[in-house]
Amino acid sequence: MAVTGLGAVTPLGSDIGTTWRRLLAGEGGCGPITAFPLDGQPVRIGCEADAFDPDEWLDRRTQRRTDRFAQFAVAAARMAEADAALDIAYEPDRIGASIATAQGGVASLAACCAGADQLRIHPTLVTAFMPNMAAGWVSIELGLNGPVAAPCTACAASAMAIGDGYDAIRLGRAEVMLCGGSEAGITALAMAGFAAMRALSRRNHDPAHASRPFDAHRDGFVMGEGAAVIVLEELEHARRRGAVIYAELAGYGATSDAYHMTEPDPVGAGQARAMQLALADAALEPADVDYINAHASSTGIGDQTETAAIKLALGEDTAHSIPISSIKGATGHCLGAAGAIEAAITILAIRDQTLPPTINYDTPDAACDLDYIPNRARNHHVDVALSNSFGFGGHNAVLAFAKYQP
């Protein structure tokens, strides 16, 4: 399956090129939250997409009717559409979308609850906070009449959205799918909820170094926001229209831990099986893997479990030979958008034969003993790469990408 277009809004930039450049430079997007006051709150830092300007993508009337997460999605989809040079009007019935989220329009819902006057609720409230509305607005704004889906499986959601789009094309339901995810979870309500769970880093005094995947001193994830959309296209369809092909999506695997609401199975069996299923779907072996873009979000149990899962899936010797990185040190954890952002970065790593670093990795953890590409990007031959996404509820999704061979 060909990847022919990329679009993104992230804490590192409002386009995929800026995001990629800053990521390779080892820059981070974490800082004090500026969107609303957080005086007295235990966590006051986040990775905001503060360069995003909705005026570039939506008229003012539509902005008033949409939550920020839907605005991110439309922007990323428009960028991906332009990057792929798609002529949607030529075959709208054969082009669809699969756009995920974890929380939906939480900002719109929280603002309404703060008002607490049921007689003055805005008539678009429901359609602003519904989780499917990023997908809905993408289909409306771009004119897509093919299948439109909206997975809502926590932090695995947008990887699953890409997998669902992959399957839709394989089943013949579409020729092209715009796939990804969007999240705008940096709100007082969401921050308070995750802080109450003790899931967030409390390094308020040093936000630049708060998100530190695999590092021994990690103390929780940093909330991020943004969106990414990739254009998936049936390979012969892409060739016929002369599309530029970034890479191929070669395999997809999805499993469930069936273990706990928030903690992964510490053995890593479900995550390992998802990696193995993605490789089997692609007809690949563990020895074929040249790079892994890890889910690792800077939580104690999460990063340790993923390390164990990689060893279980690929074998100890192979696992130790594969470079691995987590970009969440730079972007924070963008929840339902994370898998799509990381998939886009994995695709660029294949295109440019360059691996992004795990920033803020200073102190090794004995339980995390693989090659995590600390702090500096690395030139490396990449034919095959895995992108891992794991979410609350035990959802596991893995995408296998391969270098396009004309």
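Helices (H or I, at least four residues) and strands (E, at least two) are DSSP runs, numbered from the N terminus. By this definition, the chain contains 14 helices and 14 strands. Its radius of gyration is 20 Å, close to the 22 Å that the globule rule gives for 406 residues, so the chain is as compact as a globular protein of that length. Here the radius of gyration is taken over C-alpha atoms, and the globule rule is 2.2 Å times the number of residues to the power 0.38.

The model is predicted: local features need pLDDT of at least 70, side-chain atom pairs count only at pLDDT 80 or more, and totals for chains, interfaces and linings use all residues. Residues are numbered from 1 along each chain as its sequence is written, and side-chain values use heavy atoms, with hydrogens and water left out.

Consider the chain as a whole. The C-alpha trace spans about 65 × 55 × 40 Å along its principal axes. Of the 406 residues in the chain, 60% are buried, where buried means under 20% relative accessible area, exposed over 50%, and partly exposed in between (1.4 Å probe, protein chains only). Among the contacts with a separation of 6 or more, 78% join residues 24 or more positions apart; a contact means heavy atoms within 4.5 Å.

The strands may now be traced through the sheet. Two strands pair if DSSP finds at least two bridges between them. An open sheet of 10 strands, with mixed pairing, has the order 5-4-6-7-1-8-14-13-9-10. Strand 5 (148-149) and strand 10 (324-325) stand at its edges, each with a single partner strand, so one side of each is left without a neighbour in the sheet.

Strand 4 (residues 95-100) has six of its six residues buried, so it is largely enclosed by the rest of the structure. In a regular strand the side chains alternate between the two faces of the sheet. In strand 4, Ile 95, Ala 97 and Ile 99 point one way, while Gly 96, Ser 98 and Ala 100 point the other way. Strand 4 runs parallel to strand 6 (residues 176-183), to which six bridges join it, and Ser 98 stands opposite Cys 179 there. Strand 4 also runs parallel to strand 5, through two bridges, and in that strand Ala 149 is opposite Ser 98.

Further along the order, strand 1 (residues 2-9) pairs with strand 7 (residues 226-233) in the antiparallel sense over seven bridges. Within this pair, Leu 6 has Ile 230 as its bridge partner.

Strand 14 (residues 395-402) has seven of its eight residues buried, so it too is largely enclosed by the rest of the structure. Strand 8 (residues 247-256) pairs with strand 14 in the antiparallel sense over eight bridges, with Ser 256 opposite His 395. Strand 13 (residues 384-391) is likewise antiparallel to strand 14, over eight bridges, and Phe 390 faces Asn 396 across this pairing. Strands 13 and 14 form a hairpin with three residues between them, and Gly 393 in the turn has a positive phi of about 90 degrees.

Two residues other than glycine also have a positive phi. Ser 298, with a phi of about 85 degrees, lies in the loop between strand 9 (291-293) and helix 11 (300-314). Ser 298 is buried, with a relative accessible area of 0%. Gln 353 has a phi near 55 degrees and belongs to the loop between helix 14 (338-352) and strand 11 (354-355). At 19% relative accessibility, Gln 353 counts as buried.
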